[in-house]
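Work through the exercises below with the sequence and the structure open. Each task is followed by a solution in steps.

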Amino acid sequence: MQVRAKKNLGQHFLKDEDIARRIAETISEGELPSASRQYGELPILEVGPGMGVLTKYLMHSGRQLTAVELDHESVEFLARLYPELKVVEADFLKMNLDEIYPGEFALIGNYPYNISSQIFFKVLDNRDKIPVVSGMLQKEVAERICSGPGSKVYGILSVLLQAWYDCEYLFNVEPGVFAPPPKVRSGVLRLTRNSRQSLGVDEAFFKTVVKTAFGQRRKTLRNSLASFISQSAMPADSEILSLRPERLSVEQFIHLAKELQSR
């Protein structure tokens, strides 16, 4: 039995058993950072199981598992292959996650490349429910999420996610392990919730500052954030404003947002 890969859904089915096993292990208790080992017992939500190569290894964990799949053909395939598996036919981006698990859960998947950034923005919005998330996505996006200040790929996703999660880039995955093979390389990452409970500044305002700064990333912050500076009590000659956004750490962005929100 096979499922036809659909280009509009960004489907590239993993066929390498060893890669599938390694991805599944990224949320197992023994592989998690020591401070996050308790997350290795959480129920699991898998996004985009496709033909179930990763699903098989998640089922071996013995933990509660729910799979979310948009493709009806894949849902039917999984029902025949794993009749005991709970599969929800839905768009993950539109789901109310409380209807799947009322409490915390681990998120994992071979995420469709065409919506991977949107998936991680949804993770951010549900960070109190998702203390650990791992999986495979386009290498460029995975590197962007995990990159630090000074990197050319450091950007909006990097800052917003790292404000709440410790982000690890784990390993590369080559195109040949997929059917059909994608035109790009893939990467596997893991995010675990840090201890931060509050930014100390309005979160919506913080996001706006970050997005505005990186929206004109070749400009200094003094120029890209001029409208915010003029309405704040922040000195216009502040040294941080002479920098471009990719030079600022997450903590510096938080401090900057606090300064810009002051009156």
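This is a predicted model: local features need pLDDT of at least 70, side-chain atom pairs count only at pLDDT 80 or more; totals for chains, interfaces and linings use all residues.

**Exercise 1.** Describe the surroundings of E69: its strand, its accessibility, its contacts and the backbone nitrogen that lies 2.9 Å from a polar atom of its side chain.

Solution. 
- Step 1: strand 3, residues 65–69, contains E69.
- Step 2: E69 has 5% relative accessibility and therefore counts as buried.
- Step 3: the backbone nitrogen in question is that of D71, 2.9 Å from a polar atom of the E69 side chain.
- Step 4: neighbours within four places in sequence aside, the contacts of E69 include Q11, G48, P49 and G50. S74, V75, V87, V88, E89 and A90 are also in contact with E69.

**Exercise 2.** Classify the aromatic pairs Y101 with F105 and F205 with F228, and state what the second pair ties together.

Solution. A pair of aromatic rings is described by the distance of the centres and the angle of the planes.
- Step 1: the structure holds 5 aromatic pairs. In the pair of Y101 and F105, the centres are 5.5 Å apart and the planes are at 40°. Planes over 60 degrees apart count as edge-to-face and those under 30 as stacked, with the rest tilted, so Y101 and F105 form a tilted pair.
- Step 2: Y101 and F105 are both buried.
- Step 3: F205 and F228 have 5.7 Å between centres and 75° between planes, an edge-to-face pair.
- Step 4: F205 is part of helix 7 (residues 203–215) and F228 of helix 9 (residues 226–230), so this pair ties together parts 23 residues apart in sequence. F205 and F228 are both buried.
- Step 5: one aromatic cluster is formed by Y154, F214 and F253.

**Exercise 3.** Which rings lie under the charged end of R127 and under K211?

Solution. 
- Step 1: for R127, the ring is that of W164, and the charged end sits over it at 3.7 Å from its centre.
- Step 2: for K211, the ring is that of F121, with 5.6 Å to the ring centre.

**Exercise 4.** Name the residues that touch the most other members of the largest nonpolar core, then follow the contacts of L256.

Solution. In soluble globular proteins, nonpolar side chains tend to be buried together.
- Step 1: the largest nonpolar core has 56 residues, and those touching the most other members are L107, F120, I145, F206 and L256.
- Step 2: apart from neighbours within four places in sequence, L256 is in contact with V209, L221, L225, M234, I240, L241 and L248.
- Step 3: a second core of 28 residues is separate, and L14, Y39, Y82 and V188 are among its members.

**Exercise 5.** For the salt bridges R21 with D18, R144 with E140 and D128 with R193, give the distance and the place of each partner.

Solution. Side chains of opposite charge can pair when their charged atoms come close.
- Step 1: the structure holds 13 salt bridges. R21 and D18 meet at 2.3 Å, N to O.
- Step 2: both R21 and D18 lie in helix 1 (residues 17–25), 3 residues apart, about one turn of the helix. R21 is partly exposed at 31% relative accessibility, and D18 is partly exposed at 37%.
- Step 3: D18, R21 and E25 are linked in a network of salt bridges.
- Step 4: for R144 and E140, the closest N and O atoms are 2.9 Å apart. They are 4 residues apart in helix 5 (residues 139–146), about one helical turn.
- Step 5: for D128 and R193, the closest N and O atoms are 3.9 Å apart. D128 is in the loop between helix 4 (116–125) and strand 6 (132–138) and R193 is in strand 9 (residues 186–193), so the pair ties together parts 65 residues apart in sequence.
- Step 6: D128 is exposed, at 59% relative accessible area, whereas R193, at 11% relative accessibility, counts as buried.

Terms used:
Residues are numbered from 1 along each chain as its sequence is written. Side-chain values use heavy atoms; hydrogens and water are left out. Helices (H or I, at least four residues) and strands (E, at least two) are DSSP runs, numbered from the N terminus. Buried means under 20% relative accessible area, exposed over 50%, partly exposed in between (1.4 Å probe, protein chains only). A polar contact is a pair of N or O atoms within 3.5 Å; within protein, one must be able to donate a hydrogen and the other to accept it, and residues adjacent in sequence count only if both atoms are side-chain atoms. Contact means heavy atoms within 4.5 Å. Rings of Phe, Tyr and Trp (its six-membered ring) pair if their centres lie within 6.5 Å; planes under 30 degrees apart count as stacked, over 60 as edge-to-face and the rest as tilted. A charge sits over a ring if NZ of Lys or CZ of Arg is within 6 Å of the ring centre and within 35 degrees of the ring normal. A nonpolar core is a set of buried Ala, Val, Leu, Ile, Met, Phe, Trp, Tyr and Cys residues joined through side-chain atoms within 4.5 Å. A salt bridge is a side-chain nitrogen of Lys or Arg within 4 Å of a carboxyl oxygen of Asp or Glu.
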